[in-house]
Amino acid sequence: MRNRATAFLFIVILATSAHAQQWRVFGRGAVFLTQASETGPAEPESRFFSTNWAIVGAERASGRGSILFRGRFTAEEGTVPSEGYPQLFQQTGAFVDHMPGHQSIEEVAVQVHWRAFRLYAAAKGEPPLGATPYRQRASSIDFAEAPFAFEVQESFHVAERVAAAAIETGPLTIEGGVFDLDGNSWSGRATLRPTPHVALQASHGSIGDAKQKITSASLGYEGTVIAASALWTRRDPTTVYGVEAIARGGRNSVMVRAENVRDRQHITVGYIFDVWRDDRKRAGLGANVDYHTKTRSLPDEYGHKPQSIYVFVRARTD
């Protein structure tokens, strides 16, 4: 009920803004229709599902500042099975060998920017901690499945009652905030952008009443042909790290992701052919294949050389 009320209030604000003059209304998103198949386990799964997300907002400039309303939503509560979609070796909360769908409302926020200062408030939103979420990260946006490091590296990106402030001085941005994630939490982040295509972030936070410490660092490059990221996260007592990249040429996209999670290496390779595209939108057919190391000593239920194969249709905006 709280999520519905929050979403309704945001839609009212956005609709009001859209009818006012000098407001810039925007939206972007992605939809994957995926068939996942497993090989190796004694009882392999084969499942059809859809992962998806949308970001909508309205922004208005005023003098030396601006105000922004933004929301991030997904329909995965209805398009991903309640037990999650198949992903061997994924561990997220109580989900094992499955990745859960995301909550329908991931962000409902307002942001005020004045000169070098920025204030952010969200009923539900993203605290200043870690790299950009994988589903909006340029180097990861075309993967059909979540990173294996999601629980350690990504799961804190949606919190309740977020309040944050930032100072932007040239290429350097310093942020700090408080939020509710399993209790009172806080975080701080520094982001350096020496060029428009390169971003280096380092952040640290304390999560919940248990005061679990999280430290993150990442280096990202976003070009017209290649987008790549290197990521490192420690969420006591676990450390994960990896690299990911997408290379595009014409209608073709090739992607790779390599991760070290709980002393096991995971490599995902993929390819997409865009059957249609214009300046801002594209739709294509693709496939991702997961490969895992150190599997010979696993219990018998994983079988010989366990793998997951994702064949999908993807439509998204740039």
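Which residues does alanine 144 touch, not counting residues up to four places away in sequence? In this predicted model, where local features need pLDDT of at least 70, side-chain atom pairs count only at pLDDT 80 or more, and totals for chains, interfaces and linings use all residues, the answer is Phe32, Thr34, Thr51, Asn288, Tyr310 and Phe312, a contact being heavy atoms within 4.5 Å. Residues are numbered from 1 along each chain as its sequence is written, and side-chain values use heavy atoms, with hydrogens and water left out.

Alanine 144 itself sits in the loop that runs between β7 (117–125) and α3 (150–153), where helices (H or I, at least four residues) and strands (E, at least two) are DSSP runs numbered from the N terminus. Because its relative accessibility is 3%, alanine 144 counts as buried, a term that stands for under 20% relative accessible area with a 1.4 Å probe and protein chains only, as against exposed at over 50% and partly exposed in between. Glutamine 22, which is 122 residues from alanine 144 along the chain, has its C-alpha atom 37 Å from that of alanine 144.

Around this residue, the protein chain as a whole comprises three helices and 18 strands. Its radius of gyration, taken over C-alpha atoms, is 20 Å, which agrees with the value near 20 Å for a compact globule of 318 residues, the globule rule being 2.2 Å times the number of residues to the power 0.38. The C-alpha atoms fill a box of roughly 65 × 45 × 45 Å along the principal axes. Of the 318 residues, 47% count as buried, and among contacts with a separation of 6 or more, 53% come from residues 24 or more positions apart.

The hairpin of β14 and β15 has two residues between the strands, and in it glycine 250 takes a positive phi near 60°. In a regular strand the side chains alternate between the two faces of the sheet.

How values were computed. Two strands pair if DSSP finds at least two bridges between them.
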